[in-house]
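I opened my notebook to look up two topics.

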Amino acid sequence: MRGSSAHCSPHRPRASARLAIGAPSQGQGHRTSMAQIAADAIGVPLGVIDVTGGDTEATPFGVGTIASRTLVNAGNATHRAGRLVREKIIDAASRRLGVPADSLDLSDGVVAAKAPGGPSMDLAELAGRAPLPGTPEPTDGRHGTEISETVHFRPPGFAVASGAHAAVVEVDEHTGAVEILHYAVVHDAGVIVKPMIAEGQVTGGIAQGIGGALYEEMVYGPDGQPRTGTYMDYLVPTSSEIPDLDMDELFTPSPMNDLGVKGLGEGGAIAPQAVLANAVENALRPFGVVVRRGPLSPSRVRDLIRTPATPA
């Protein structure tokens, strides 16, 4: 599993923190989840984190948002970069306030003494000060203290999720139509950073899997040219075809990374084809049906009923 990188830096004018990751978002909510990881790691409010993904000028090392790698790779790079930035902020505040670093804590964007009544300094004040002694003046005309860290993270092993899917279907032996009566799934993606995003990804994956199991198919003519070149010909499921899902979660942290997270993107998409094929085959057992390919369109189901299975 190849790695990813994250660059994190608090900066002016409003003492925000800029996070650049090597993975662009395709609708998975990276701005929310990565900002949450960075905010927790640094000790600042979520709203001050600005997230940029897939900008090769800012983070040249990254292989894209594929194969359940973003949260594992970019997430852990973000976490480590944030922790290092936190240490640097506390160190800078220690020198400003004239107190030992181990006597300070950073929470909600404020560096304050652990003991009651001690000195404090917020991130905006720290970022607005002149550079610390021994630090070169900025060459771009800016003033203030800017702290940054770049981290490349490559996991020592695969942090894969696991799960179980079950489906109850009804098959009309005359029309070949398949109706999903009940669909249940339990998934384990380790530590969940944002439950709403995780549930949405699993739900979307199941919808994609149902499409592959029952609807979507590339058809080619005798000349080798595709006949399903538009969405007028290539059937995809809509919300009407996706049943209400009975979903639950387990939480088993991965030992392969600091956050304990696992990949989730494929958690919903892979199992539906096998689950629905088995369910249809079970429903049509009196006809001796054996399902060996999909999608299980009405015409293909009728063909399976008409043609007894032969030994593999």
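I looked up the sheet and found an open one of three strands, in the order S4-S5-S6, with antiparallel pairing. Strands are DSSP runs of E with at least two residues, helices are runs of H or I with at least four, and both are numbered from the N terminus. Two strands pair if DSSP finds at least two bridges between them. S4 (104–107) and S6 (120–122) stand at the edges with a single partner strand each, so one side of each has no neighbour in the sheet. The twist averages 20° from one strand to the next.

I note that this is a predicted model, where local features need pLDDT of at least 70, side-chain atom pairs count only at pLDDT 80 or more, and totals for chains, interfaces and linings use all residues. Residues are numbered from 1 along each chain as its sequence is written, and side-chain values use heavy atoms, without hydrogens and water.

Next I checked the bridges. Four of them join S4 to S5 (residues 110–113). Asp105 has Ala112 in S5 as its bridge partner. Helix H2 (residues 70–97) packs on the sheet and touches S4, S5 and S6. Contact means heavy atoms within 4.5 Å. The direction of H2 makes about 125° with that of S4. Axes are lines fitted to C-alpha atoms, for helices over the stretch in contact, and angles run from 0 to 180 degrees between N-to-C directions.

Last, I asked which helix gives the most to the lining of the largest pocket. I found H4, with seven residues.
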